[in-house]
Amino acid sequence: MIERGDPGRLGAVATEGGVNFAVWAPNAAEVNVMGDFNGWDRERHPLRPTGESGIWEGFVAGVGAGARALARVRTRHLHLRKRDRETE
């Protein structure tokens, strides 16, 4: 579940106007965010890599605290989905 907090950390953090997503996936070929805010569409909200850090990030406008979200990580050989931790 998305929470409010510091937008400079990993996870899903609600800010004014939307949510910042950040995932550490150093071996990923592609990372996307899906959730109840986009009909669980696996392709609609891709994240972008930040340099060589292994961190992928992005901003999705119009999403607020309490939304459900998953990060979909695709490597060359395997697809993983990471459930965001539930918080209040």
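Trainee: What makes the meeting of the R72 and E43 side chains a polar contact?

Mentor: The two side chains come to 3.2 Å. A polar contact is a pair of N or O atoms within 3.5 Å; within protein, one must be able to donate a hydrogen and the other to accept it, and residues adjacent in sequence count only if both atoms are side-chain atoms. At 3.2 Å, the R72 and E43 pair falls within that limit, so it gets the name. Bear in mind that this is a predicted model: local features need pLDDT of at least 70, side-chain atom pairs count only at pLDDT 80 or more, and totals for chains, interfaces and linings use all residues. Residues are numbered from 1 along each chain as its sequence is written, and side-chain values use heavy atoms, with hydrogens and water left out.

Trainee: Why do R72 and E43 also count as a salt bridge?

Mentor: For that label, a side-chain nitrogen of Lys or Arg has to be within 4 Å of a carboxyl oxygen of Asp or Glu. R72 and E43 are at 3.2 Å, N to O, so they pass. R72 sits in strand β8 and E43 in the loop between β4 and β5, so the pair ties together parts 29 residues apart in sequence. Strands here are DSSP runs of E, at least two residues long, and helices are runs of H or I, at least four, all numbered from the N terminus.

Trainee: Which other salt bridges can you show me?

Mentor: The structure holds 4. Among them, R74 pairs with E30, their closest N and O atoms being 3.2 Å apart. R74 lies in β8 and E30 in β4, so that pair links parts 44 residues apart in sequence. R44 and D41 make another, at 3.6 Å between the closest N and O atoms. R44, at 48%, is partly exposed, and so is D41, at 28%.

Trainee: What makes β4 and β8 a pair of strands?

Mentor: Two strands pair if DSSP finds at least two bridges between them. β4 and β8 have 6 bridges, in the antiparallel sense, so they qualify.

Trainee: What makes a group of residues a nonpolar core?

Mentor: The members are buried Ala, Val, Leu, Ile, Met, Phe, Trp, Tyr and Cys residues joined through side-chain atoms within 4.5 Å. The largest such core has 17 residues, with V31, L47 and W56 among those with the most contacts inside it. β4 and β8 are among the elements giving it two or more residues.

Trainee: Which residues does V31 touch?

Mentor: Contact means heavy atoms within 4.5 Å. Leaving out residues up to four places away in sequence, V31 touches A25, P46, L47, W56, R72 and V73.

Key:
Buried < 20%, exposed > 50% of the residue type's maximum accessible area, 1.4 Å probe, protein only.
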